[in-house]
Structures are given as structure tokens and as C-alpha cells.
Amino acid sequence: MGVDLMIFSNHKIKGVTYEERIKDIENKLGKSIQILRNIPHKRENEPPKTNKVKDVIYYIDVDDGKDYFEELNEIPIQLNFEYFTGLRIFDKTLEMHMGLSSKYSKWLNYLGDDYEKKRNPKESIEYNRRWNEFKKFQFHLISKLGGDKIVYFNDASFQEPEDLFYQGRELNEILPELEKVGTFLEIQNLYTKYESIEDDDEISNVGFYEKIK
């Protein structure tokens, strides 16, 4: 199995009950959360993909969303946006899923490695195009949900502190625990200084962050 990229942000979603949280999410997004049950798990009800923000559908595809929340304090929401496919919303943070390869090595190479960009120019250009579309929507969505900081890291090296997200801890509490495992750099360094990062650090122990202005 490969090592995957994990993406988390803080948020300001309010509410104690499942219904209160769903209502606050809908108010913040200005859109309803639909129930599109995925039975018998063959995607019959999955809406067609779109790359237009105005046509994005937010939906829950499980029958027991309330039970899931009461058991795990988590709300999984799917999206039909081509480059941003879903969220897992925890008490104080949320996890984001991309509509492009999330293998950590590919993500690093396509966005930062000049050698990889020259070796696979078409793939690299397309990945960067899709990444930029993901980023535009990411900022749009996380801003609406009240987040102001995003972190990126791999799911192997940082596995133990990663559990703190699922436990409902604040992002500013989790970051120091992540930094006990490895270095966190502003994400611009990935785009412009990848070779020096690779030379100076064990790349598997490097994560990235950015602030939403």
C-alpha cells in the first residue's frame, strides 16, 4: 500500500446535536445537504461530476448518518465537485478528500520536483492544473465553514498524532504534537524549494501548512 496525503483544517461549525450541526453547515454553505442513499453500494444515486461551483451538490450517502455521528462524533459529507470529493467533519476540525491522486509521493513530485516535471511533463501539467482547481474550491469552502488554517502530511509518519483529529481536538492543540514527529513548512516551500527540503530533511517527516487570508 502507498502512503497517502492527509489534509485537515479547522472550522467554526456550531451545534451539539446532529440536526444542529447539519443546519449550521447548510446555513454557512447556503445550500442544503441532500440524502442520496448509496444502495446497494453501486453508486446508482451518485450525482454527475461537475467543475462548476454553482452546480455542486453536498450530500450524505448513508442511512444512519445520525447514528454515525452519535457513535463517532463525525459527519461524512460527499461532494460531486470533480476536484474536491468529500469531507469528514469532526468536532473541531475536518478532513478533505481530493478528486485527484492523493499518493504522497506523487503529490510531492508533481508539485515540487523539477526532475519529475521534466520527466513527465504532460502528467505534471495536468496534475498542477487539477491541483489549482482543487485549491480554489478548497479556499472557497473552508472559508465558508470558518476555517483559517490547513495542514498537509502523510498518513504513515504522522499516524499517531493524526488520531487527535478524530478525537475532536483543536487544530492548535494538534499541531505541536505533529511537530514532535517532523517539520512543518509553509506550503509555498513545496512549490519553490523542494530540492533543498529533500536535501536537508527526511521528506517523509515533512508536512506543510497554509493560512487562509
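Reader: What describes a pair of aromatic rings?

Author: A pair of aromatic rings is described by the distance of the centres and the angle of the planes. Rings of Phe, Tyr and Trp (its six-membered ring) pair if their centres lie within 6.5 Å, and planes under 30 degrees apart count as stacked, over 60 as edge-to-face and the rest as tilted. Searching the whole structure gives 20 aromatic pairs. One of them joins phenylalanine 84 and phenylalanine 134, stacked at 5.4 Å centre to centre with 20 degrees between the planes.

Reader: Why does the pair of phenylalanine 84 and phenylalanine 134 tie together parts that are apart in sequence?

Author: Phenylalanine 84 belongs to strand β5 (residues 84-89) and phenylalanine 134 to helix α5 (residues 121-144), so their pair ties together parts 50 residues apart in sequence; helices (H or I, at least four residues) and strands (E, at least two) are DSSP runs, numbered from the N terminus. Phenylalanine 84 also pairs with phenylalanine 137, edge-to-face, at 5.4 Å centre to centre and 65 degrees between the planes.

Reader: Is phenylalanine 137 buried or exposed?

Author: Buried means under 20% relative accessible area, exposed over 50%, partly exposed in between (1.4 Å probe, protein chains only). Phenylalanine 137, with a relative accessible area of 2%, is buried, and phenylalanine 84 counts as buried at 0%.

Reader: On what basis are these values given?

Author: Residues are numbered from 1 along each chain as its sequence is written, and side-chain values use heavy atoms, leaving out hydrogens and water. In this predicted model, local features need pLDDT of at least 70 and side-chain atom pairs count only at pLDDT 80 or more, whereas totals for chains, interfaces and linings use all residues.
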